[in-house]
Amino acid sequence: MGLFGPSEITGIDIGAGSLKVVRLAPGGKRPKLLSAGLVEFSLEPGQESVATDLRFLLSEKKIGRSNVITQMPGKDLTIRSFTLPKMPRAELAEAVRWEAKRHISYPLDAALVEYLITGEKREGTADKLELVMVAAERARVVDHLAPLIEANIKLTAVDANALALRNALHLLDRPDDVTTAVVDIGAGKTEIDIFKGGVLRFSRCLESGGLDMTRAIADTADLGLPEAEELKRAMNMLTPPEQDKVVDAVRTVLDGLLLEIRRSVEYYKTTFREPGVVGTRLTGGVSLMQGIKEYFAQSLEGPIELDQPFEQLTLKKKQLEEFGHMAPRFSAAIGMALRKA
């Protein structure tokens, strides 16, 4: 697959609701899981301290002192796929920056812009490069990385969440012509990424996720957020809404997400002149809700699968027992730890 580097790598996924870390090492045909950790953030405002949690994971030896990679969440990124004429690399970097200017709402001199060449093609008599451009406002990157700096963690690289999920998808080693949607539903956002043969073609982030469902439960049942979160984890989305007003409240949030997922797939089909996706993989904490896979299958085309990234790793039985039941929450962290050095 050409992804994993020659030494141990740690992936750190800082979400709105939790912190996930994974450290991998080369292990023959499969990467080896050295350590993993998860810390849930408090739902009470002002109680969280990401730097403190990172220091705890460092003390527990869940995070190594070198080769550490984190990601920027999709809501802070602009990701676009496009083609440019083939040109020298120095000229290409400048051309990508000018292309980025068309898509960002802040000044270009305040932007960090990176790109990835995903392929080449010939149009008429011209050779073209297929690229994925990622842009972020420098100030947002600084803010997101502040807890890691405070915890004295030295980063090797900062990745895009969508590209980390691409690495996790590569574990499946699927055919090049398969188009898959990966829907990452976390506490504070939902990211919709569409990959063809492991190449990112489309990425969109919605600022709605599990916390919106928890708040809907809290408002409907007159509960505090911690109690509402417990109720959310215990409910089944296939319960008829007329029998449970709390399920009905959560379904309203999910139905809004499903509508945007369908719109995203339709946009992809129109823009790239593709027939659509063959299936959808769910990642993130919300994907573990009871009945959600079946509920999504009622609205989306093709099979719905929960991502199971630990199945493609070499790990100890104790590690599988501790983390296997929550595997989709670790997809991004594992993808970061698979990044080629």
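Mentor: In β4, I69 is the bridge partner of G11. This is a predicted model, in which local features need pLDDT of at least 70, side-chain atom pairs count only at pLDDT 80 or more, and totals for chains, interfaces and linings use all residues. Residues are numbered from 1 along each chain as its sequence is written, and side-chain values use heavy atoms, with hydrogens and water left out.

Trainee: What makes β1 and strand β4 a pair?

Mentor: Two strands pair if DSSP finds at least two bridges between them. β1 and β4 (residues 68–72) have 3 bridges in the parallel sense, so they pair by that definition. Strands (E, at least two residues) and helices (H or I, at least four) are DSSP runs, numbered from the N terminus.

Trainee: How do you know in which sense β1 and strand β2 pair?

Mentor: Over 6 bridges, β1 and β2 (residues 18–25) pair in the antiparallel sense. I14 stands opposite L19 in β2, and a hairpin of 3 residues joins β1 to β2.

Trainee: Why is strand β1 called mostly covered?

Mentor: Buried means under 20% relative accessible area, exposed over 50%, and partly exposed in between (1.4 Å probe, protein chains only). In β1 (residues 9–14), 6 of 6 residues are buried. I9, G11 and D13 point one way and T10, I12 and I14 the other way, and all are buried.

Trainee: Which residues of helix α6 are buried, and why are they said to line one face?

Mentor: In α6 (residues 225–234), A228, E229 and K232 are buried. Seen down the helix axis, they fall within an arc of 105 degrees, so they line one face; the arc is that of the directions from the axis to the C-beta atoms. On the other side of α6, E230 and A234 are exposed.
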